[in-house]
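Notebook open, model loaded. I want to look at one strand and its neighbours, starting from a single side chain.

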Amino acid sequence: RITTKVHEVYDVILISTKALQQGEDYNYVNVLDGDILKRRRVMVALKNPDKYTWILEGLTDDQTVVFAN
């Protein structure tokens with residue numbers, strides 16, 4: 001017997017989990033706004049600790065996420 005969980009999520013942005021930061025009570029990522037580095041609060045849909053995180057809110061697909069590898 002095999003049991004599988006399926007997640008159906010629309011309109012998410014996929015980022016490296018390494019880019020996700022933890023604030024006191026929120027998650028955030030650093031993005032470039034021109035030449036300025038800014039913190040953006042994000043809402044996480046699904047997180048794989050070793051690979052990718054799905055972002056539901058807080059980012060747009062034209063923003064550049066910055067993190068140290």
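I started with Leu32, which counts as partly exposed because its relative accessibility is 41%; buried would be under 20%, exposed over 50%, partly exposed in between, with a 1.4 Å probe and protein chains only. Ground rules: this is a predicted model, where local features need pLDDT of at least 70 and side-chain atom pairs count only at pLDDT 80 or more, while totals for chains, interfaces and linings use all residues. Numbering runs from 1 along each chain as its sequence is written, and side-chain values use heavy atoms, leaving out hydrogens and water.

Where does Leu32 sit? I found Leu32 in strand 3, residues 27–33 (strands are DSSP runs of E, at least two residues, numbered from the N terminus).

Next I checked which strands pair with strand 3, pairing meaning at least two DSSP bridges between two strands.

- Strand 2 (residues 21–22) pairs with strand 3 in the antiparallel sense over two bridges. I see Gln22 opposite Asn27, and a hairpin of four residues joins strand 2 to strand 3.
- Strand 4 (residues 36–47) is also antiparallel to strand 3, over seven bridges. Here Asn30 has Arg39 as its bridge partner. The hairpin has two residues between the strands, and Gly34 takes a positive phi near 70° there.
- Strand 6 (residues 64–66) runs antiparallel to strand 3, joined by three bridges. Val31 faces Val65 across this pairing.

A reminder to myself: side chains in a regular strand alternate between the two faces of the sheet.
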